[in-house]
Amino acid sequence: KKAKATNTVALSKDQFKDAIVKHLRSTCGTDEARANNQAWWKATCAAVNELVFDRLTETSKANADKDSRAVHYLSLEFLMGRLTVNNMHNVGVFGAARDALADLGKDVNDICDEEPDMALGNGGLGRLAACFIDSLATLNYPAVGYGIHYEHGLFRQEIQGGRQIERPDSWREYGNPWEICRPESIQEVPLYGYVETVFGEDGKMRKVWHAGRQIKGVPWDIPVVGYEAKTVNVLRLWESKAADFFDWDVFNAGGYIDSQSEKSQAEAVSKVLYPNDESEAGKELRLIQQYFFCACSLKDIIRRYKRNHSDFSQFSKQAVIQLNDTHPTVAIPELMRILIDEEGLVWDDAWKICTETFAYTNHTLLPEALEKWAVYLFEKVLPRHLEIIYEINRRFLEDEVEAKWPGNDEMKRHLSIIEEGETRMVRMAYLCVVTCFKTNGVAAMHSELVKEDLFPEFYELWPERFVNVTNGVTPRRWLLACNEQLANMYNETVGTDWPRKLDELKGAAKFADDAKFQKNFMAIKREKKVELADKIEELCGIKVSPDAMFNVLIKRLHEYKRQHLALLHILALYRRLLENPDYDMGPQVFIFGSKAAPGYKLAKDIIYAINKVADKVNNDPRIKDKLKVVFMPNYRVTLAEKLFPAGDVSLQISTAGYEASGTGNMKFALNGALTLGTMDGANVEIREEVGDENIFIFGMDCDEVKALKAAGYNPWDYYYGNPELKAVLDWLETDFFTPGAPGELASIKHSLLEGGDPYLVLADFESFTTQYTAVDVAYRDQKKWAKMAIINSASVGKFNSDRSIEDYVDRIWKLEKVMPN
Ligand code: 26Y
């Protein structure tokens with residue numbers, strides 16, 4: 001069956017064919033006979049771009065003409081993945097393109113496989129930004145995404161001898177057809193230097209920042225195509241370059257080599273994405289990255305504002321700036337600096353504008369992920385900004401804190417934006433909450449914890465500032481494009497509006513008991529499992545049966561996400577099978593995909609352990625293929641698109657209270673996987689939507705976690721209390737999985753015992769294995785399973801990122817659609 005015909009079919013198959021052939025010649029300098037797949041891909045993109053760029057220009061024009069209020073989404077990360085298939089779907093030419101390429105003797109999948117992933121993000125936070133800009137365009141809201149044009153995105157992961165090796169990612173080495181350089185909008189960014197206090201003739205004091213260096217920001221625009229919408233917004237990414245005047249002086253003085261080092265220092269700023277998620281390293285270059293893109297973006301926003309306005313009285317009416325976590329917080333003192341030092345506003349007016357313009361999304365409660373910058377670093381790199389932060393803090397403590405808690409110095413110390421101590425630090429999250437008119441968490445439970453545990457005093461001061469916006473995912477990429485079979489089945493069942501109105505899938509729930517519907521649904525699942533099994537064999541050399549239950553755990557590697565809990569369970573199953581060859585269990589495959597931060601030793605050890613256990617289990621004839629373990633290298637958006645549709649069981653097993661939301665959980669459910677998870681993040685809301693009988697919850701909830709920690713958690717109690725748990729932990733210390741090298745996997749055991757098991761892996765182990773037995777039993781009743789899977793897929797309309805965006809618009813951004821369809 002054909003993919004859905006859209007209401008905006010802009011090109012017929014034949015027109016598309018002509019366009020591709022034309023671009024092979026005029027854009028790629030080749031022809032049908034000589035072109036390789038790379039050229040075919042670029043010519044195809046050029047053909048799509050004829051439509052995309054038209055709409056891009058129309059959208060910019062409409063926004064300028066109407067002078068509409070817009071949201072500016074500032075994020076250090078946009079994890080876009082590939083754009084070709086997505087853009088073809090969204091402009092409504094996927095079918096035409098596929099058929100045109102087929103006529104030309106090319107397979108659309110092979111051609112689109114030429115595209116490198118745009119991996120300008122680490123994980124959930126970056127992918128969320130990508131889903132959000134897709135939804136903003138789809139809903140016709142005026143929006144600009146601002147970020148960094150990293151030369152190297154997240155590292156490519158290779159597995160050698162079971163260990164992670166990081167290789168550079170070069171996503172645009174041979175050009176990228178989706179980006180447009182805009183030299184006409186270059187900005188200059190000052191850095192370092194000192195602040196001078198100057199008194200004008202009027203006796204008024206002014207501050208002048210004499211920067212020590214200057215770098216240039218070159219914008220690259222990536223079109224963001226709304227699904228069946230007129231809107232094409234932009235993602236504007238800044239590339240750093242040496243400022244023109246700077247190196248020429250040195251150059252003319254005969255310092256060619258010096259000028260090269262200036263150049264490479266300037267270019268270092270946008271060279272590479274920092275690969276640490278959830279743990280802040282405090283590196284100077286990272287602070288410069290943050291400031292660089294915030295400064296460029298603010299100048300860009302102000303330049304556009306000034307086209308229609310001669311003063312700043314309307315600024316916060318025209319622009320809302322959303323801070324994606326604290327990473328772009330330095331935009332706050334930067335806007336204050338511009339308004340006061342450059343535009344001549346007085347403090348109170350500038351502050352009012354800032355407090356009406358910025359809003360902040362918190363994505364984590366983990367203390368090590370809460371950004372703090374050393375005061376001395378600020379002083380060195382951004383001396384004027386430090387002064388402004390001090391003044392914001394002084395006014396906050398002396399006015400607001402003093403009014404609420406008079407004479408309470410302890411409270412002032414506690415709430416100060418500056419943390420005292422051996423190294424004084426700027427608490428970026430406090431700066432956000434003090435400034436922003438809204439602070440939001442990313443799932444209902446998380447937003448409660450943001451109020452109650454993270455910022456309780458701020459919540460007391462300003463309860464109205466705290467809101468929830470539950471995350472979502474775009475159904476265009478995460479169902480329509482990645483699971484064409486299921487998409488087509490839904491088209492026939494509930495009509496073709498679901499990619500916008502995902503709630504309409506609910507109409508399929510009434511067929512959950514229908515034998516034929518179940519059969520079709522499960523046949524699609526099996527087809528996706530076969531596709532994945534082929535990929536697994538190709539990449540890992542491991543044969544897995546598509547009839548086995550596919551348990552999938554894909555996300556960044558972190559102790560709180562507890563990949564090692566799954567590993568302990570696998571060891572327990574393996575042991576049971578060895579002890580009793582007739583142990584009653586359906587065939588199971590455990591599939592992992594995960595990158596570890598390069599400096600995160602234990603995370604890398606866990607990857608190694610998974611691979612070593614996999615080697616042993618997969619090659620042990622005694623267990624007769626009942627258990628397989630797969631670690632898929634280089635997990636990324638493109639691999640995720642193959643994994644989500646193929647999962648039977650979605651593992652969402654974080655310690656309750658630690659996973660802010662999760663978004664993979666939503667993608668799995670949408671594609672008909674059942675969740676085995678804790679009461680954490682958005683799992684809680686998924687359970688509400690699908691019903692308690694269609695999800696497998698295990699482990700302690702958030703209150704129980706807190707209570708156990710408060711009572712004094714002792715992992716040894718669990719070790720001695722559960723013989724199976726003790727056996728599998730002890731197993732890790734032997735050389736069973738690492739022949740000749742005992743102890744290679746011991747760090748995991750040590751972290752869970754001597755290390756105190758901070759994420760309560762041992763405490764949840766028994767509940768996990770027990771609940772897994774229930775999952776296995778349920779899976780073996782395929783009719784029952786099919787019903788549960790259908791209900792899951794049909795019930796998660798809430799997690800459409802369009803709904804998230806409407807919540808943001810309603811609760812925070814207050815936008816109006818500029819080009820309604
Ligand atoms: C400060 C720096 C080291 C840092 C860099 C990246 C800190 C955190 C991060 C990334 C955090 C992240 O991805 N958080 C995830 O955000 C998702 C989207 O809201 C959530 O679904 C997920 O639970 C959360 O862990």
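This is a predicted model: local features need pLDDT of at least 70, side-chain atom pairs count only at pLDDT 80 or more; totals for chains, interfaces and linings use all residues.
Residues are numbered from 1 along each chain as its sequence is written. Local features need pLDDT of at least 70, side-chain atom pairs count only at pLDDT 80 or more, and totals for chains, interfaces and linings use all residues.

The protein chain is assigned domain 1 (11–66 + 83–116), domain 2 (67–82 + 117–159 + 170–471 + 806–813) and domain 3 (499–799). These bounds come from an automatic or database domain assignment. The centres of domains 1 and 2, taken over C-alpha atoms, are 35 Å apart. Each of these two domains gives 21 residues to their contact (C-beta atoms, placed from the backbone, within 7 Å). On the side of domain 1, α2 (37–66) and α3 (84–91) each give two or more residues. Helices are DSSP runs (H or I, at least four residues), numbered from the N terminus. The largest share, 11 residues, comes from α2. This side has nine nonpolar, seven polar and five charged residues. Ala, Val, Leu, Ile, Met, Phe, Trp, Tyr, Cys and Pro count as nonpolar, Asp, Glu, Lys and Arg as charged, and the others, Gly among them, as polar.

Domains 2 and 3 both give residues to the ligand shell, so the ligand lies between them. The shell holds 22 residues (C-beta atom, placed from the backbone, within 6 Å of the ligand). G124, L125, D277, A660 and S661 come nearest. Five shell residues are nonpolar, 12 polar and five charged.

I133 contacts Y73, A143, G145, V224, N233 and L235, leaving aside neighbours within four places in sequence.
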